[in-house]
Amino acid sequence: MFLNQGLPLLDNYYVFSLDVANQLLYMSDDHDKIVAYDIQRRKKILCNISMPKSTIYRKGDFFISQKNNKVNIYKRSSHHYFKKIQSFSVGEKIHQLVIDNDYRLWVCLDKGGVFYYRQTLFDGNLSNPIKLMDTFIMNHIMVDRDHNIWFSTRNNGVYFITDKFFKNYIHLPVKNNSSFITAIAKNGKTIILGYNEAKSGILKANTISDIILEKNRKIETKAIFSKGNTIIFGLSLNAIQYDISTHKIAPVGDYSLKNVLPYTDNSVFLCTSQGLTVYNFITHNSFQLLNDRTYNALPYDKDNIFVGDFKNLYKLNVKTKKKTLFLEGYYFTDIKKLKPNIYIGATNLNGILFFNNTGIIKRITEKDGLSTDQIKKIEVENEKVFWASTNSGLSRIEVRGAEIKINNFTQTDGLPSNVVAGCVIQEDTIYAATSKGLGILPISNLLAQQKFINKKVIINSVTIGDHEILDLSKEITGQTPDNTVTFDVSFPDYTSQGKIKFKYKIEGLSDEWQISSSPKITYNALPPGTYVFKVFGLGYNGKQSYTSSNLSFEIKPKFWQTWWFKLLLITIVASFIFSLITLYFQKKRNKKLETLYYEKKIAELELQAIKAQINPHFIYNCLNSIQFLLYKKDYSETENYLDIFSQMIRKTLYYSEKTFMPIKEEIEYLSLYLNMEKLRLKEQFDYTISVSETVKENWIIPSLLIQPFVENAIKHGISNLKERKGNVQILFDYVDSLLCITIEDNGTGIGSWGESTTKAHSFGVKLSQKRIETFKQLFETDITLEITDLYEKQQKPGTQIKLYMTPYENQNTSLHH
């Protein structure tokens, strides 16, 4: 670089750093002297150190030079004064150096791998680096704001390690810990490990001591049992007993082993493909308890045990060897006792089951929050808290009554691998056997997880119809028919390693949250309106972003979707429908009126026909009476009778033309008729006509309706009396808003009439009843007829007839008007 001002023209300077805050440019000259150039004052300042023209790195006040495999670290005290704080060499050639934001040094090696120094530059005395990524040549290393680490490699892509996993790895107290662990058990403070080969390890005092069970044999450890100085390793093809104190190995037998489980104080269950074997590890004796393939076993009382195969759980009586099906369709991979008569079982496909001696009590699955329903092992912390090992990490389940709280832990939380074969607990530490070594994690640290992810979803763009909007600060609008909206979102939570989802809804459309793993969220054919799109990010373990990302937008309507157009359309349609309904009911009403008109005409003709039958009937009866008087040669009575009869005929003819008549005129007509009958029967009876004070005499009733009943009372009741004088009582009363007309006689009663009399009576009554029905139809009024034999009801002779009807006032009494 050549600077024409402030520096000699012919001097060549190698610039390696720019201090923007202090406006200083740091460079070295041809003699390797370090020069600080003040850009504002255009003045150079010679520093107190020399550095060869090699790779020089700066972070804050620290300057680090590197050449070949040697590293020198300097700290700036002032703008031009430096102090060397450390110098060291590494055993390999250095490719480059990286100083992260935490002032930690990463040394990338030329032949692959990187040295990481746990001390910061402020701590000084960088030593005992940890070598990582041996087989990769690093182009660059970056530690992000969440302290996750990114490795950019040559020809092998980019690698990512979460902060918790990395810290757990570099601070792990156990060395030589990277084997594929397939089984784990504990004995006091000792942890026993089984691998996917014929060897084991015993962890004690932060050191794993290997035990070679069989040389040069690749067989997996299925299960481990340990008590006292005894360890039984259940390998896939045999079982081996190991003595901790003497380090002696003794074969137990060749089995296709599935599990090793405790039975009595001195014996264990060997679950095998050949059956269930009981092995005494003190006497080294064994016997076969069951000949069926067995995967699990657990005693639940003195003489009975649970036995599981690959599809069912049975109850087995150890004395009778009787096996009874208990839980069908469940492959139990592990069973533990929580408390008396309460058991917990891990299943291969059905999550976790709680059960007692009678059946299932509770089931916990993915729907409740488990990472998977395929559970390998259960470790009980206490009767309310237990841990599930799966191929998707560890799950801690806490059951408090009906409430279930589940925490899932993965590599993100520090596990060496998500493939966990089992775990054991010692005090506040959980030891997890994984496919990439033993994870040792403080439970309190695991439970101190943040409840939310301190990040927000980024809404990158919105597409409405075919128009993509990138500038979301502007008003976002669309219009029908281009009302399909797509949101392009992202959630920069790298800790979740791509396992992220989005929880979203549109306020104004629905209050229901939806979940999707797609970064493109589409709503088809949104109706016009103003909306707010809300979206949360969901990371690993179901954690949610601390707040939602919101975006307001509007879908504008076409004119036919506006409220005023809809109101106008509704008004037009409603008017049209109303007109149709009105027209329909008008036609129906006209048709009904026409029908009623003809029905009334028919009823009028029927009424006239009935009257035509009544009048001859009445006249015939009167002529019979006159004939009887002439036969007796009682001419004076005949004359009186004819006078009354002539009045009766005139009134009958007059009222025959009327539909209704006033009560007052009805009483006059009945009195005339009764007087004529008294004359004919020689005072054989008396009569009374009474009108209640509640009855108005100007009320009108159907004409000629009462006379036939009075005539029947005289003719069939009174005229046959020989030992007593007859009596006819007629009463007009007002009862319960109805006019009640009572005709009562003390004659022989209905029960004593002969057959011919009954027929005659029935004819008169039938005519009256038919007339009543015609009145009902014609005038839409209600008339009720009651006929009572007084002897049956009141133990006295006679007949009572009651007519109930609605009284009318000012009614037109002519059918012809």
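## Basis and overall dimensions

The radius of gyration is taken over C-alpha atoms, and the globule rule is 2.2 Å times the number of residues to the power 0.38. By that rule a compact globule of 817 residues would have a value near 28 Å, but the protein has 57 Å. The C-alpha trace spans about 175 × 95 × 40 Å along its principal axes.

The model is predicted: local features need pLDDT of at least 70, side-chain atom pairs count only at pLDDT 80 or more, and totals for chains, interfaces and linings use all residues. Residues are numbered from 1 along each chain as its sequence is written, and side-chain values use heavy atoms, with hydrogens and water left out.

## Secondary structure and burial

The protein has 8 helices and 60 strands; these are DSSP runs numbered from the N terminus (helices H or I, at least four residues; strands E, at least two). Of the 817 residues, 48% count as buried, where buried means under 20% relative accessible area, exposed over 50%, and partly exposed in between (1.4 Å probe, protein chains only).

Helix 5 (residues 663-680) is largely enclosed by the rest of the structure, because 14 of its 18 residues are buried. Lys682, with a positive phi near 60°, follows helix 5.

## A nonpolar surface patch

Leu569, Val573, Phe576, Ile577, Leu580, Ile581, Tyr584 and Phe585 form a nonpolar surface patch with about 770 Å² of accessible area together. Patches consist of residues with over 30% relative accessible area and no salt bridge; like charges are joined within 9 Å, nonpolar side chains (Val, Leu, Ile, Met, Phe, Trp, Tyr) within 5 Å. Accessible areas come from the Shrake-Rupley method with a 1.4 Å probe, and for residues only the protein chains shown count as cover. Leu580 is located in helix 3 (residues 563-631) and is partly exposed at 44%.

## Salt bridges

The whole structure contains 18 salt bridges, each a side-chain nitrogen of Lys or Arg within 4 Å of a carboxyl oxygen of Asp or Glu. In one of them, the closest N and O atoms of Lys455 and Asp146 are 2.0 Å apart. This pair links distant parts of the chain, 309 residues apart. Lys455 is buried at 16% relative accessibility, whereas Asp146 is partly exposed at 32%.

Lys336 also pairs with Asp334, at 3.5 Å; Asp334 is buried at 2%. Asp19, Arg58, Asp61 and Arg76 are linked in a salt-bridge network.
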